[in-house]
Amino acid sequence: MSDNEIYFEELTQKNKSDILRLYNEIYSKQNHSSLIAHLIDKPSFFGLCGYQGNQAICFLLANAVLDEIDIIELAVKENFRRRGVAFKLLSYFQLFCIERKMQKVFLEVAQNNAAAISLYEKLGFDRIGLRKNYYSQNGFYIDGNSYCKNVNAIKNNPVNSTCTGL
Ligand SMILES: CC(C)(COP(=O)(O)OP(=O)(O)OC[C@H]1O[C@@H](n2cnc3c(N)ncnc32)[C@H](O)[C@@H]1OP(=O)(O)O)[C@@H](O)C(=O)NCCC(=O)NCCS
């Protein structure tokens, strides 16, 4: 494997600290780290950590209930952004969803997060709803967009599957 190659590891007790460190680095202004540190140990929680060399550069955290999975958080280290890392991470995550026989992937994204919205739409997520005042940022409430992707359709067309039949 070349030094520039990204590889992904599933969340384990061993790499949990890498994910939490990255989470704290990226979200230093929000104080949710103790909540995440608590949630991450739930048996329904699933995580991926992406590495380049031995440096953790991205992560994804999700919570599965039966055959549906919610992406709780996903982020890329600042100096690794705009190089296709998040796209690779989500593509890898989709393979996990197929393997685990998940049916639907859900997520919420703040309406002012243009980068993430563009990422999810590029991957074929459908906007399925609006959650009023879902996020609180710097003392202001911001609406959230809910998105969904149908995992069955990913098998046939990884990028453009749509979420129908909700
Ligand atoms: C959103 C985020 C994960 C994107 O990661 P990334 O590795 O830079 O994204 P990629 O390079 O894989 O980009 C894939 C697509 O996402 C979109 N995108 C990513 N960054 C973007 C930006 N700054 N502005 C507009 N679109 C953007 C584009 O559609 C891009 O495709 P393109 O390169 O063909 O234009 C990253 O900016 C991040 O970690 N942000 C902070 C945490 C966050 O907001 N997480 C989402 C929570 S819902």
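This is a predicted model: local features need pLDDT of at least 70, side-chain atom pairs count only at pLDDT 80 or more; totals for chains, interfaces and linings use all residues.
Residues are numbered from 1 along each chain as its sequence is written.

Starting with the overall layout, the chain holds five helices and seven strands. Helices here are DSSP runs of H or I with at least four residues, strands are runs of E with at least two, and both are numbered from the N terminus. Read along the sequence, the elements come in the pattern β-α-α-β-β-β-α-β-α-β-β-α. Of the 166 residues, 25% count as buried. A buried residue has 20 or more other C-beta atoms within 10 Å of its own, an exposed one has 12 or fewer, and partly exposed covers what is in between, with C-beta atoms placed from the backbone. As for contacts (C-beta atoms, placed from the backbone, within 7 Å), 55% of those between residues at least 6 apart in sequence join residues at least 24 apart.

Next comes the core. In soluble globular proteins, nonpolar side chains tend to be buried together. The largest nonpolar core of this chain has 35 residues, and F59, L60, L89 and V105 touch the most other members. Such a core is a set of buried Ala, Val, Leu, Ile, Met, Phe, Trp, Tyr and Cys residues joined through C-beta atoms within 7 Å. At least two residues of this core come from each of α1 (16–26), β2 (45–52), β3 (55–65), β4, α3, β5 (104–110), β7 (140–150) and α5 (151–156). The largest share, six residues, belongs to β3. Both domain 1 (1–102) and domain 2 (104–166) put at least three residues into this core; the domain bounds come from an automatic or database domain assignment.

F59 gives a closer look at the packing. Neighbours within four places in sequence aside, F59 is in contact with I19, L22, Y23, G47, L48, C49, G50 and A75. Three of these names come up again in helix α1, whose buried residues are I19, L22 and Y23. They sit on the same side of α1 because they cover an arc of only 105° around the axis, the arc being that of the directions from the helix axis to the C-beta atoms. S17 and E25, on the other side of α1, are exposed. The cover over the buried residues of α1 includes α2 (33–39), β2 and β3.

Turning to the ligand, 18 residues surround it, and R81, A86, F87, A115 and L119 are the closest. A residue is near a molecule if its C-beta atom, placed from the backbone, lies within 6 Å of it. By class, the shell has eleven nonpolar, three polar and four charged residues. Here Ala, Val, Leu, Ile, Met, Phe, Trp, Tyr, Cys and Pro count as nonpolar, Asp, Glu, Lys and Arg as charged, and the others, Gly among them, as polar. At least two shell residues come from each of β4 (68–76), α3 (85–99) and α4 (114–122), and α4 has the largest share with six. The shell also draws at least three residues from each of domain 1 and domain 2. F87 lies in helix α3 and is partly exposed, with 14 other C-beta atoms within 10 Å. The C-alpha atoms of F87 and L119 are separated by 7.1 Å, although these residues are 32 apart along the chain.

Two asparagines stand out on backbone geometry. Most residues other than glycine have a negative phi. N133, in strand β6 (residues 126–137), has a positive phi near 50°. N133 is exposed, since 10 other C-beta atoms lie within 10 Å. N138 is not a glycine either, and its phi is also positive, at about 50°. N138 belongs to the loop between β6 and β7 and counts as exposed, with 7 C-beta neighbours inside 10 Å.

A153 is found in α5 and counts as partly exposed, with 15 C-beta neighbours inside 10 Å. A153 and Q103 are 50 residues apart in sequence and 9.2 Å apart in space, C-alpha to C-alpha. L39 lies in α2 and is partly exposed, with 16 C-beta neighbours inside 10 Å.

Technical notes:
Two residues are in contact if their C-beta atoms, placed from the backbone, lie within 7 Å.
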